[in-house]
Amino acid sequence: MENKSSSGRKVLINSIIYSCSGLLLKCFSFFLLPLYTVYLTTEDYGINSVITSFISTASFIVAFSLFSAVMRFYVDLKEEPEKLKRFYGTISLFVFFSGTAFAVVLTIFRQFTSKYLFSGIDYYPLILVALISLIFNCEYTIFDNILRSQQRALKSSICSIIYFFVSVALNIFFVVGLKMGALGTLLASLIAYVLYTAYFVIEMSVTHTIKFCMDLKLLKDALKYSIPIMPHNLSTQIALFVSKLLISDVGSLADLGVYSVATQFGNIADTIQCYVDSAYGPWLYERLHNKENKYKKTIRQNVKLLIAVIGLFFVGISLFAQDYIVLFLQKSYVGAWMYVPMIVSVFAIKTTYYFYVEILFYYKEASRKLFIATLTGSVLNILLSAIFIPIWSVYGSILADAIAMLVRVIIVVAISRKYEDVGLGIRDFVINFVIIELFIFMGLILSIMKYQTTFSIFNFGYKIVVAFLYVIMIFVMNRESAMVLLANFKEKRKKK
């Protein structure tokens, strides 16, 4: 039986691996941003943005949200290796055929596709490349979720890093070398997805961990679990897209461009949470499956430590985004840093959602109710955006996001508690949020009052001090959990 302290260490280590690798990749993306802006026009960025949003949204339609089923069904099938192999093979083949059929249908109705889904972008070759990319993007996501469900954080991170650098090399070749603009970025993504899928097939075939077949019983069970989750995934993507349309309509494409830069920094915060959740989800499923002695206390202690660590990234992103934007981006983008702390605050609200929603994913019946929270939040977001954006532009969009996110969190917490109280405390999340906001405000006082458009060594040093004080505070508040993990780590090293 797995030792509780060992399991707690595992989820923390996996969270750190996912977060650090994700942060590393995001950092490299930002370092390449000044390079890409030289070779991509604003129209190229617009085309790339539309197609990226399309792939993000359509992937859930093509895969019927089976990505979540891959995560959840591993717990049930891991003691039956042969059945698990058939499950992986069935899901992979079904999604491939579904994606191919989806691409064929949109090709047949390509005039409708070009006019209503891609804002007049030419079908050949841009949209065609996007549709093919969609198929292999789904296969990429399936393999990544297989690794995450097995809590193989290191391998998942290594694969993600390799994929990223292959994609960067291809982008440099097509965009910088051949100057192919938006088509170059799309071709780079497509080739990277194809290579990753090929590795996925070869690796799992060689290790005999997949059996390509079409097990209708397994597929039916997986779809019964995943289809109710589709509204949850789709509504979020649609709400984001509508907000962008409203900002560009009320303001200008320039306003949307500045906001888009800010959201890239804010998305780092959410990416970190996603990686932590990737480690936390499978770990929680194990705790709920075994229900060992005092499992609720174990869950709460580890979650308190995790949200405190997540908070450190939130504070760091909010404080230091300004310095990067001022130093490396054009002056027209300087104002983007003002949006970053507010976007990060929305994701800080979302932290509670991540830890409670995994309870719904564990209980298959509960997962079918997830759409209530997401659909309600997304519809509210769209309505509030329509009201607030004409008044406050970008700030209105962020305010709408915050209110809708809070409503979503409240609904998810209420539903999850009807199935099981796993020991999480709302008070812990509220205190964590207040502390994060307090340190963000403290760290940005000088930036707001004196250094809005300039870089200052003194201001930078002041932010470092504030971030260090946050580290001290979270260590003191979580001293017991931190000391247990540290003691276990030292004991493990002695045994080695």
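Accessible areas here come from the Shrake-Rupley method with a 1.4 Å probe, and for residues only the protein chains shown count as cover. On that basis the chain exposes about 22500 Å², of which carbon and sulfur atoms supply 69%.

The model is a predicted one, in which local features need pLDDT of at least 70 and side-chain atom pairs count only at pLDDT 80 or more, while totals for chains, interfaces and linings use all residues. Residues are numbered from 1 along each chain as its sequence is written, and side-chain values use heavy atoms, with hydrogens and water left out.

The predictor's confidence in each residue is its pLDDT, on a scale from 0 to 100. The chain has a mean pLDDT of 82, and 85% of its residues reach 70 or more. Confidence is highest in helix α17 (residues 426-449), at a mean of 93, and lowest in helix α19 (residues 479-495), at 59.

The secondary structure consists of 19 helices and 0 strands. These are DSSP runs numbered from the N terminus (helices: H or I, at least four residues; strands: E, at least two). Of the 496 residues, 54% count as buried; buried means under 20% relative accessible area, exposed means over 50%, and partly exposed lies in between (1.4 Å probe, protein chains only). A contact means heavy atoms within 4.5 Å. Among contacts with a separation of 6 or more, 81% join residues 24 or more positions apart.

Helix α2 (residues 42-63) holds Asp44. With a relative accessibility of 14%, Asp44 counts as buried. Leaving aside residues up to four places away in sequence, Asp44 touches Tyr39, Gly181 and Ala182. Gly181 is 137 residues from Asp44 along the chain, yet their C-alpha atoms are separated by 6.1 Å.

Helix α3 (residues 66-77) has 12 residues, and 11 of them are buried. Among the buried ones are Phe67, Met71, Arg72 and Tyr74.

The loop between α8 (181-206) and α9 (216-226) contains His208. His208 has a positive phi of about 55 degrees, although it is not a glycine. It is exposed, with a relative accessible area of 56%.

Further along, the loop between α15 and α16 contains Ser393. Ser393 also is not a glycine and has a positive phi of about 55 degrees. At a relative accessible area of 22%, Ser393 is partly exposed.

A nonpolar patch on the surface is formed by Met342, Ile387, Ile391, Trp392, Tyr395, Leu399 and Ile403, with about 640 Å² of accessible area together. Helices α15 (370-392) and α16 (394-419) are the elements that give two or more residues to it. Patches are made of residues with over 30% relative accessible area and no salt bridge, where like charges are joined within 9 Å and nonpolar side chains (Val, Leu, Ile, Met, Phe, Trp, Tyr) within 5 Å. A salt bridge is a side-chain nitrogen of Lys or Arg within 4 Å of a carboxyl oxygen of Asp or Glu.

Two residues of α15 can be set side by side. Ile387 lies in α15 and is partly exposed at 49% relative accessibility. Thr374 is also found in α15, but counts as buried at 0%. Beyond residues up to four places away in sequence, Thr374 touches Pro231, His232, Ser235, Thr236, Tyr353 and Arg408.
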